[in-house]
Amino acid sequence: MVGVGGGRLIWPLIPAVLTVVALFPTLPAPHLPRDATAHAFGISYAWRILTGRASDELCCHWYLCFPYTGTYGFASYYLAAPLASIFDGFRAFSVALVAAALLFAMATYLLARRLGAPEPAAAAASLLAVLGMTMEWNLGGIYPMTLSMSLGLLAHAYRHRRVVSTLLLAASLYTHPAGGALSLLTLLLRGLFERNPRDVLTVVLAVPLAAPHYDRFLRLLPTMSPLIDVPESPLELIFPLPTLYSPGLLVIIPGLLGAWRLRREHPGWTRTVLTCCTVAWAAAGLTVAGLVQHLPMGRNLLLDRLTCVWITPLLATSAYPLFSLRSESRRSLLIGLVMLGIVVAVAMLKMVTLGSACHPELRETVVSVTRSWKWAAGHRPHDPFTRVAAGPALRYLSVPENTAANALRVGPRPTGYFSQGCPHFTALIARMEWQSGSWWYVPGAPSVLTWLTNSKYLLTVSPTVARDAERHGLKLVHSEGPVMILENRRTSFAEAVDPIGVYDPNVGPERALEAYTTALVLIPYRGDRFTFAVVGDASNLRAFDRILIRPKSRRDVRTALMLARTGHRVLLVLTPHDPGLARWTARLLKISLRRAHLRLRPKDPTAMIARDRKRVGIGRPLSIHRGTATVPVYLVDGRLWRDLRVGRGTVRVSGLDPARLALTLHPVPVETPQNHWTIPLPGTRERRLLTRLLAGFTPPPPRPVPVRHRGVTDITLYPGRHRWVMVKVMELPEWRARGGRAYLGPGGVMMVRVERTPVELRYEPRRSAVSLALPIVAGMALAVRARRR
């Protein structure tokens, strides 16, 4: 049997067969890894786009109409999309993951052969890489990045064929942004270390070929949120995965030993591998040390991707000298085989553990979740803006057979499957789902959140959440086993509101959105009444009747007083971090200020642990917050705030800073470096204080506004005499409002100032001329390069 490179086919077949065996725990699993649900949905949605049943401009299933398809490596989904016509839901994803893993094994084998490895040694190196990736495939379901890294490894293996290598590297960039970038960096480093200008030219030509795909992604990148929190333990620096018993840990030692043996024969490759490992571990070290608060893609790519998916195949390929029968030292061959045997044993042990990890009670719950989703799908209005929300614990329970199909049938969900990274993720959705969804346990929060996200039904396994939701207007309409379905009868995609104009030059718009969504909507009682719009220019504040200003300069204070004289009601917040401005404001307004400290006691969702999460087989504990939190404040004439009459309006001078309180006492999970399960919730006193602070700023209740829409990208509003309309889609720069002006509203929804009626909203993504011209120039250069051969 003749195989790759003229060798026998039996050797590459060994890692190929074991790849399928390594993926066996995922295939029949009763619940999916977190990312696998996103990828299963992506494959099915790509098939709907190709068959004309969905739009590629806006995927309405992701958050509140976040353009997921334009900001992720969607090409990997298009490649696997035909599988959705044969298989249903998760099975299409499983086949795609197996195919990508097989390509990964073959790419590692080919690269080892190109480096001069004999067939048995190349097969052993490929097997080592596959087993090192076992846990990532079974627990992370990283299909797109596996495919991207495989194409990048093939670009290394075929670097002598310049056109093929360039196209493979460009394909790697199209299938996943991180995988393509890391593949590009690896080839660039190798070309520099080996002083090979052809590799550098390959990289230079591959980047413009992928420019059209990343045009929209790069424009949204500055506002994208980090994914996951920073590492919890410095020990994670030396492990390719956060688990101590991962087989990936045993890839490091043979990889480094093999790279040292190759330092004379392939010095450029050795330097490349060592540099990549140093970069990965240094980035993790800087983050653990607190020197880098947030890298662009957070811990998810920092540890699991950099220190496993990136360096694992490089280290495994470098380990082939330890498995060579032509090795100068039989001792090194024996060491290599022993370590490979240990890796195989550990991988098999983990697979057995994963296969038996699902208890019968969890299986029954998964069946109940399946039936609940189907019930919600059959009863909700079939429009792209009426959503179905899921409470705590349900996000961990997935349906293996129909994950993607159910997501498409049920319709859009506010939390989505992959809402991380979107510009407004930390404002609302991070508190609803990541990681524990503990904000559902704040009294009144279920009704506020379902109203703000326009969710018709709320699915929960928590009796605590269900009881609170019923007390605040939701109605229990159906149940399947432990899953309860509650109906929200206040659904309206567009509502006439009278928002508070928020002007805070101390922080950026995304940070302000996060702070005031928490302080004005989530913490106060009846938070659905305190709608707001974030304003970047103080000159636009005249359009609001109620205004909140957190001044940064004396000019901002004067603006607040000028607005009050013209009849506006202004909440002027004095920030403790600028005592000079506070003293100047006190002299101007003839009030006394005194620094003080406010003591508040955070609250914990203990019911989530004692009953709700345990009953569905999810037992991760939350730490209990004991003691009090201290917040610096000013006392204004002996009180936390005071009303002053200025002209025809009123200024409420507040020594309590709601934004600082929200950002310091209630960080989102990506900001808790030690334990993202430890999320403090607002206590009774805190909620009463903010409710009293906002008394007098309460607008009239929202009223539905007629809407006509053509898909999710063409919306027409008929507001009548109303001046403001809250539209429950995510506000993005690519929305165009004709007849109005769009602002950021609570949670990231769109707040539209009506200038004339009707108001037309269009989602119009634009591609720059440069991104369209670059691939043409690169293609011409590639053609010239091919002819010169």
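**Cores and helix packing**

Modeller: Let's begin with Val 727: leaving out residues up to four places away in sequence, Val 727 touches Phe 493, Leu 717, Val 749, Met 750, Val 752 and Leu 761. Keep in mind that this is a predicted model.

Colleague: Thanks. Which residues touch the most other members of the largest nonpolar core?
Modeller: Val 727 is one of them, along with Tyr 516, Leu 520, Phe 532, Ile 549 and Leu 761, in a core of 117 residues. Helix α21, residues 509–522, gives the most to this core, with 7 residues.

Colleague: And which residues does the second, separate core include?
Modeller: That core has 86 residues, and Phe 74, Leu 154, Ala 155 and Leu 262 are among them. As background, nonpolar side chains in soluble globular proteins tend to be buried together.

Colleague: Stepping back, how much of the protein counts as buried?
Modeller: 63% of the 789 residues. The secondary structure comes to 27 helices and 21 strands.

Colleague: What share of the contacts comes from residues 24 or more positions apart?
Modeller: Taking contacts with a separation of 6 or more, such pairs account for 77%.

Colleague: What is Glu 480 in contact with, leaving aside its neighbours within four places in sequence?
Modeller: Ser 368, Arg 371 and Ser 372.

Colleague: Switching to helices. How do α7 and α9 pack?
Modeller: Helix α7 (residues 143–157) and helix α9 (residues 177–193) pack at an angle of about 20°, with axes 8 Å apart. That angle makes α7 roughly parallel to α9. The crossing is right-handed.

Colleague: Which residues meet there?
Modeller: From α7 you have Met 145, Ser 148, Met 149, Gly 152 and His 156, and they meet Ala 178, Gly 179, Gly 180, Leu 182, Ser 183, Thr 186, Leu 187 and Arg 190 of α9. By class, this contact of α7 with α9 has 5 nonpolar, 7 polar and 1 charged residues.

Colleague: What about α9 and α10, parallel or antiparallel?
Modeller: Helix α10 covers residues 197–209, and α9 and α10 pack at an angle of about 150°, with their axes 8 Å apart. The two are therefore roughly antiparallel. Their crossing is left-handed.

Colleague: Who meets whom in that pair?
Modeller: Leu 184, Leu 187, Leu 188, Arg 190, Gly 191 and Leu 192 in α9 meet Asp 199, Val 200, Thr 202, Val 203 and Val 207 in α10. Here the residues divide into 7 nonpolar, 2 polar and 2 charged.

Colleague: And α8 against α9, what angle is that?
Modeller: About 145°, with the axes 7 Å apart; α8 is residues 162–175. Ser 165, Leu 169, Ser 172 and Leu 173 in α8 meet α9 residues including Pro 177, Ala 181 and Leu 184. The contact of α8 with α9 has 6 nonpolar, 5 polar and no charged residues.

Colleague: Last one: why is α19 described as largely enclosed?
Modeller: Because 8 of the 8 residues of α19, residues 445–452, are buried. Trp 451 and Pro 446 are among the buried residues. Just after α19, Asn 454 takes a positive phi of about 55°.

How values were computed: Residues are numbered from 1 along each chain as its sequence is written. This is a predicted model: local features need pLDDT of at least 70, side-chain atom pairs count only at pLDDT 80 or more; totals for chains, interfaces and linings use all residues. Side-chain values use heavy atoms; hydrogens and water are left out. Buried means under 20% relative accessible area, exposed over 50%, partly exposed in between (1.4 Å probe, protein chains only). Helices (H or I, at least four residues) and strands (E, at least two) are DSSP runs, numbered from the N terminus. Axes are lines fitted to C-alpha atoms, for helices over the stretch in contact, and angles run from 0 to 180 degrees between N-to-C directions. Angles under 35 degrees count as roughly parallel, over 145 as roughly antiparallel, 65 to 115 as roughly perpendicular and the rest as oblique. A crossing is left-handed if the near helix is turned anticlockwise from the far one by less than a right angle, and right-handed if clockwise. Contact means heavy atoms within 4.5 Å. Ala, Val, Leu, Ile, Met, Phe, Trp, Tyr, Cys and Pro count as nonpolar, Asp, Glu, Lys and Arg as charged, and the others, Gly among them, as polar. A nonpolar core is a set of buried Ala, Val, Leu, Ile, Met, Phe, Trp, Tyr and Cys residues joined through side-chain atoms within 4.5 Å.
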